[in-house]
Amino acid sequence: MMRTKCTFSGSGGQGSALLAKLICKGAMKQALQVVMTQTYGIEQRGGDSTGYVVVSDSRIGNPLVENDADVSVALSPTIYDGCIDGSAIGGLVLTNSSLITEIREREGVKQVLIPASDVAVELGSVRCANIVMLGAVLEATKVLTFETVEEVLRELMGVKKPALLEMNLKALEKGRALYVSAAE
């Protein structure tokens with residue numbers, strides 16, 4: 001049985017909710033069970049936000065992801081400690097090392113540093129840092145296929161924003177490659 005609990009956290013505007021939605025849409029395309037919820041900080045922009053997702057190949061009875069995430073993405077320093085502390089023993093934290101420079105360890109939790117924001121800027125916009133992280137998540141977990149997520153991105157951006165689509169497809173692939181090299 002496959003069941004993966006994920007948290008995608010960042011500051012408002014970094015796209016953590018979009019990360020969660022892309023995983024959800026991809027899971028539905030692959031006929032998997034999926035639930036999602038979100039939290040937001042009190043600020044309109046810049047407040048912390050987290051998307052919580054559970055993906056399973058069987059019925060999901062309890063959709064909570066509290067202190068037992070299998071994989072967490074920390075996009076900003078303000079939410080980093082919550083990602084480390086909220087990971088299950090044996091879990092994985094993907095850390096945006098472009099912005100999070102004070103790294104701490106937690107026994108039993110693997111951490112992989114991905115310079116997502118720096119890579120996103122090189123690709124054309126810091127706004128695709130979340131998609132760089134999505135590529136790393138997909139490579140690390142194999143919870144969804146890259147082809148499915150590429151299809152979801154094409155559906156969301158293809159017609160209205162073809163330039164953004166190409167940049168995001170490159171970001172997805174770059175995140176995959178970064179995870180492979182960083183995890184070695």
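Visitor: Is Asn 130 buried or exposed?

Guide: This is a predicted model, in which local features need pLDDT of at least 70 and side-chain atom pairs count only at pLDDT 80 or more, while totals for chains, interfaces and linings use all residues. Residues are numbered from 1 along each chain as its sequence is written, and side-chain values use heavy atoms, with hydrogens and water left out. Asn 130 lies in helix 4, where helices (H or I, at least four residues) and strands (E, at least two) are DSSP runs numbered from the N terminus. Because buried means under 20% relative accessible area, exposed over 50% and partly exposed in between, with a 1.4 Å probe and protein chains only, the 3% of Asn 130 makes this residue buried.

Visitor: Which backbone oxygen does the side chain of Asn 130 reach?

Guide: Leaving aside neighbours within four places in sequence, Asn 130 is in contact (heavy atoms within 4.5 Å) with Gln 14, Gly 15, Leu 18, Leu 19 and Leu 75. A polar contact is a pair of N or O atoms within 3.5 Å; within protein, one must be able to donate a hydrogen and the other to accept it, and residues adjacent in sequence count only if both atoms are side-chain atoms. At 3.2 Å, the side chain of Asn 130 reaches the backbone oxygen of Gly 15.

Visitor: What is the length of the polar contact that joins the side chains of Ser 9 and Thr 50?

Guide: Ser 9 is placed in strand 1, residues 3-11, and counts as buried because its relative accessibility is 3%. Beyond four places in sequence, Ser 9 touches several residues, including Ser 49, Thr 50, Val 73 and Cys 83. Between the side chains of Ser 9 and Thr 50 there is a polar contact of 2.9 Å.

Visitor: At roughly what angle do the axes of helix 1 and helix 5 cross?

Guide: Axes are lines fitted to C-alpha atoms, for helices over the stretch in contact, and angles run from 0 to 180 degrees between N-to-C directions. The crossing of helix 1 and helix 5 is right-handed, a crossing being left-handed if the near helix is turned anticlockwise from the far one by less than a right angle and right-handed if clockwise. The contact is made by Leu 22, Lys 25, Gly 26 and Lys 29 of helix 1, together with residues of helix 5 that include Glu 151, Val 152 and Leu 156. The axes of helix 1 (residues 16-29) and helix 5 (residues 146-157) come within 9 Å and cross at roughly 115 degrees.

Visitor: Over the ring of which residue does the charged end of Arg 176 sit?

Guide: A charge sits over a ring if NZ of Lys or CZ of Arg is within 6 Å of the ring centre and within 35 degrees of the ring normal. The charged end of Arg 176 is 3.6 Å from the centre of the ring it sits over, that of Phe 146.

Visitor: What is the phi of Ala 31 near?

Guide: Ala 31 is found in the loop between helix 1 and strand 2 (33-40), and it is exposed because its relative accessible area is 68%. Its phi is positive in a residue other than glycine, near 60 degrees.

Visitor: How far apart in space are Arg 127 and Gly 13?

Guide: Arg 127 lies in the loop between helix 3 (116-123) and helix 4 (129-141), and is exposed, with a relative accessible area of 65%. Arg 127 and Gly 13 are 114 residues apart in sequence, whereas their C-alpha to C-alpha separation in space is 8.1 Å.
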